[in-house]
Amino acid sequence: MNQNPTIGLVSLGCPKALVDSERILTTLRAQGYNFSHDYQGADLVIVNTCGFLDSAKAESLEAIGEAINENGKVIVTGCLGIEEQLIRDTHPKVLAVSGPHQYEAVVTAVHENLPPVHKPFEDLVPADGLRLTPRHYAYLKISEGCSNRCTFCIIPSIRGDLKSRPIASVLYEAERLVKAGVKEIMVISQDTSAYGQDIKYASSRFHKRDIDARFYDLARELGEMDAWIRMHYVYPYPHVDKSIHLMAEGKILPYLDIPFQHAAPNVLKAMRRPANQVKTADRIKAWRDICPDLAIRSTFIVGFPGETEDDFQQLLDWLDETQIDRVGAFKYEPVTGAPANELEGAVPDEVKQERYGRLMEKAQAISIDRLSQKVGRTIDVLVDDVAPEDNRALGRSQWDAPEIDGQVFIDDADNIKPGDMVKVTINDSDEYDLYGTPADAAKTVNKDA
């Protein structure tokens, strides 16, 4: 009996790239391929690259080189794949190169270099496909590309303009995920709140109902499914306001990931971003009046070309006013091909570092205050991991996305398992995390038991 060929995969970059990797794995598994977690156990390695920043490109090239050295047979795909000549000049031994979401090209390259062994009674794939996330949460990609033209970003040149999926396709995928045991769905794209614009919000049929491909309609329909629904990469367009009512009603999580990037009008204009942050601050206040539990996470760039000390102080003051719950920051880094490279007023590295430190100090103080307000409450926590030897579990609240936000540390965690939804009474907090104990072990929700 022929042995099924085995594939290794290295997936770099953002959750959108992770979804691309999952699609590739699902296709190959359906064709009979096995998978290995190490180079030595694989007949061939796929490297799904990131190419957003020059530092990410360097990391991707390093990963390709490591895969070549450890395995020898390497196929490259992903965002860096649009720079095929750079890849081949650096690593001439790569077998094939393709760009982002070119699934057929990847599969074709695998077939050419490692033909499948067909076993019709064994080549089975779960109905929800193969995933690289834990069983209890998953990413749901609703579109590809982006039609914005921010000066610091080259995503449109890598992934193209916005291409929204039909809403029925998205909803049926979400339904399959929930049926497979997923308890949290994270909605992702480059611009989630622009969903449907490119297809003129065309309706499609989901369970004998015609539903428009609009951000609110998507949130409403997902909110009827038995899972946490978390919205990522949401631009604060006016139509987002309606979704806050869904959060207040408990239909979707009271959480918005909004890439504000800055607050000073001069910098936002140079970035080609919406520049009225005073109005945005008013809208955030209105959102919290409707849904007091709303948590907002965002990322900011410090040291953008032309950023003055006054501009940076406006950002700090805006954070004080808006009390953004979760803050990430990046020191501006030129990206090959980005229009921002031509802007005047480069900020010295030492100034970037100093401003970065001040911004994170401000963000930490806000986070300490916001989290301290959770102490004494009993909340739902989705468990990600357990440490039986310490009788402790690690989970996340409705305000915490995996990998990027804080955690909830649960003591006295007898009989708690990953994927459980647990009622936890919060008794302490720090800069980023919450600490608590099960409110009542008898109320632990474990649908798989």
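Reader: What should I know before I start?

Author: Welcome! Residues are numbered from 1 along each chain as its sequence is written. In this predicted model, local features need pLDDT of at least 70 and side-chain atom pairs count only at pLDDT 80 or more, while totals for chains, interfaces and linings use all residues; side-chain values use heavy atoms, leaving out hydrogens and water.

Reader: At what angle do helix H11 and H12 pack?

Author: Two packed helices are described by the angle between their axes and the distance between the axes. Here helix H11 (residues 309–322) and H12 pack at about 10°, with axes 10 Å apart. Helices are DSSP runs of H or I, at least four residues, and strands are runs of E, at least two, numbered from the N terminus. Axes are lines fitted to C-alpha atoms, for helices over the stretch in contact, and angles run from 0 to 180 degrees between N-to-C directions. H11 and H12 are therefore roughly parallel (angles under 35 degrees).

Reader: Which residues make the contact?

Author: Contact means heavy atoms within 4.5 Å. Among them are Phe-312 and Leu-316 of H11, and Arg-358 and Leu-359 of H12.

Reader: Is Gln-190 buried or exposed?

Author: Buried means under 20% relative accessible area, exposed over 50%, and partly exposed in between, with a 1.4 Å probe and protein chains only. Gln-190 has 16%, so this residue is buried. Gln-190 sits in the loop between strand S9 (184–188) and strand S10 (204–206). Not counting residues up to four places away in sequence, Gln-190 touches residues including Lys-16, Cys-146 and Tyr-233.

How values were computed. Angles under 35 degrees count as roughly parallel, over 145 as roughly antiparallel, 65 to 115 as roughly perpendicular and the rest as oblique.
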